[in-house]
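Subject: Structure handover

Hello,

Here is the structure I promised to pass on. Please open it first, then read my notes below.

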Amino acid sequence: MKLGLVRHAQTDAAAGLCYGRTDVAVPPEAMRTLAERIAPQLAEGIDIVCSPLQRCAGLAQAIAALRPGLALRTDARIAEMDFGSWEGRSWSSIERAEFEAWTCSFADARAGGSGESTRAFMQRVGEAFDAWRGAGRDALWITHAGVIRAVWLLREGVRCAERADQWPAQSIAFGEYLTVELP
């Protein structure tokens, strides 16, 4: 069984901006170009599931328009992490002590003081992952880098990264299409 994972196209947000749950836009040309690249790669009958944020939902709709007949649904469980008070700020403007307070208690501290904890984030992504596995069908998720990293951990049986150094550090490019396969 395969789960395709596509990170949304590059957004209009300034480089270095923290925008986890912030609903930033994607330039229409970038959205169209990515949809045209992804749509022909999809198997007939695959389920497309997307984050409700416009950078993912718009891409899912563009792909579905190119591939009529594919099932498309939105799932809030695969939205990006909520970074609380850090949302809309540049990563470089976040005080080191503030960031370290989060990473020192990585599983349970709330990002940005009022955002989501890694444990809560992993739990909701884990619920979506378990639902996909239970359905027994290939699917494509149009989602975010944080969700893709969470899926990598879940595939390995890790339900929560307890420490920041356990979080996958691999870069995921905008528009990257990855696949997770389960026996």
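Buried means under 20% relative accessible area, exposed over 50%, and partly exposed in between (1.4 Å probe, protein chains only). Helices (H or I, at least four residues) and strands (E, at least two) are DSSP runs, numbered from the N terminus.

This is a predicted model: local features need pLDDT of at least 70, side-chain atom pairs count only at pLDDT 80 or more, and totals for chains, interfaces and linings use all residues. Residues are numbered from 1 along each chain as its sequence is written, and side-chain values use heavy atoms, without hydrogens and water.

Helix 1 (residues 28–38)
Met31, Leu34, Ala35 and Ile38 are buried here. They sit on the same side of helix 1, because they cover an arc of only 100 degrees around the axis. The arc is taken from the directions from the helix axis to the C-beta atoms. Their cover includes strand 1 (2–7), helix 2 (54–66), strand 4 (139–143) and strand 5 (177–181).

Asp75
Asp75 lies in the loop between strand 3 (71–74) and helix 3 (96–104). Asp75 is buried, at a relative accessible area of 9%. Contact means heavy atoms within 4.5 Å. Leaving aside neighbours within four places in sequence, Asp75 is in contact with Val49, Cys50, Ser51, Pro52 and Ala128.

Best wishes
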